[in-house]
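Below is a short note for a colleague who has not seen this structure before. Please read the points in order, with the structure open.

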Amino acid sequence: MKKKREKERIKLILDRGGVKRHIFLPSNIEIWSVVGEEGDYLVNDKPLFCTCKDFYYLCLIKKRKKMCYHLKALLLAKKRKDYITYYFTDEEIEIFSKFVFNSLK
Ligand SMILES: [Zn+2]
């Protein structure tokens, strides 16, 4: 597989509406996810966190960079307000997290 440049990957995510905000009511818990090329990842900007392997190895373990491209896409989408918001009830958190963790690769 040809490696795409990071900027192109970020643009692709935003073009596809791949940054998603999930809000659970009434608690107002906010969970963000980014649909990358390899699957869905949970992301968080404060503190910076992503569930992908790149983030784990390059950012946490080797400390070679601060962010993976999912996080860059998240920050850009927030800046542009270019994301999709989904509303759930608090009772759905458990179902949601099961669904998300099953889609992690
Ligand atoms: Zn990532």
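1. Pairing at S5. Phe 24 has Phe 88 in S5 as its bridge partner. Leu 25 is bridged to Thr 89, also in S5. Strand S1 (residues 19-25) runs parallel to S5, and the pair is joined over 6 bridges. Two strands are taken as paired if DSSP finds at least two bridges between them. Strands are DSSP runs of E with at least two residues, helices are runs of H or I with at least four residues, and both are numbered from the N terminus.

2. Basis of the model. The model is predicted: local features need pLDDT of at least 70 and side-chain atom pairs count only at pLDDT 80 or more, while totals for chains, interfaces and linings use all residues. Residues are numbered from 1 along each chain as its sequence is written.

3. The sheet. In general, strands of a sheet pair through backbone hydrogen bonds, either parallel or antiparallel. Here 5 strands make an open sheet with mixed pairing, in the order S4-S3-S2-S1-S5. Strand S4 (48-50) and strand S5 (84-89) are the edge strands, each pairing on one side only. On average, neighbouring strands of this sheet are turned by 25° against each other, direction ignored.

4. Helix on the sheet. Helix H3 (residues 69-80) packs on the sheet and touches S1, strand S2 (29-35), strand S3 (40-45) and S4. Contact is counted where C-beta atoms, placed from the backbone, lie within 7 Å. The direction of H3 makes about 60° with that of S3. Axes are lines fitted to C-alpha atoms, for helices over the stretch in contact, and angles run from 0 to 180 degrees between N-to-C directions.

5. Cover of S5. S5 is hardly covered, with 0 buried residues among its 6 residues. A residue is buried if 20 or more other C-beta atoms lie within 10 Å of its own, exposed if 12 or fewer, and partly exposed in between, with C-beta atoms placed from the backbone.

6. The helix pair. The axes of helix H1 (residues 6-15) and H3 come within 9 Å and cross at roughly 50°. H1 and H3 are therefore oblique to each other; angles under 35 degrees count as roughly parallel, over 145 as roughly antiparallel, 65 to 115 as roughly perpendicular and the rest as oblique. In H1, Glu 6, Arg 9, Ile 10, Ile 13 and Leu 14 meet Tyr 69, Lys 72, Ala 73, Leu 76 and Ala 77 of H3. By class, this contact has 7 nonpolar, no polar and 3 charged residues. Ala, Val, Leu, Ile, Met, Phe, Trp, Tyr, Cys and Pro count as nonpolar, Asp, Glu, Lys and Arg as charged, and the others, Gly among them, as polar.

7. Cis peptide bonds. Leu 25 and Pro 26 are joined by a cis peptide bond with omega of about 5°, and Pro 26 is in the loop between S1 and S2. A cis peptide bond also joins Lys 46 and Pro 47, with omega of about -5°; Pro 47 lies in the loop between S3 and S4.

8. Positive phi. Asn 28 is not a glycine, yet has a positive phi of about 65°. Asn 28 sits in the loop between S1 and S2 and is exposed, with 8 other C-beta atoms within 10 Å.

Terms used
Two residues are in contact if their C-beta atoms, placed from the backbone, lie within 7 Å.
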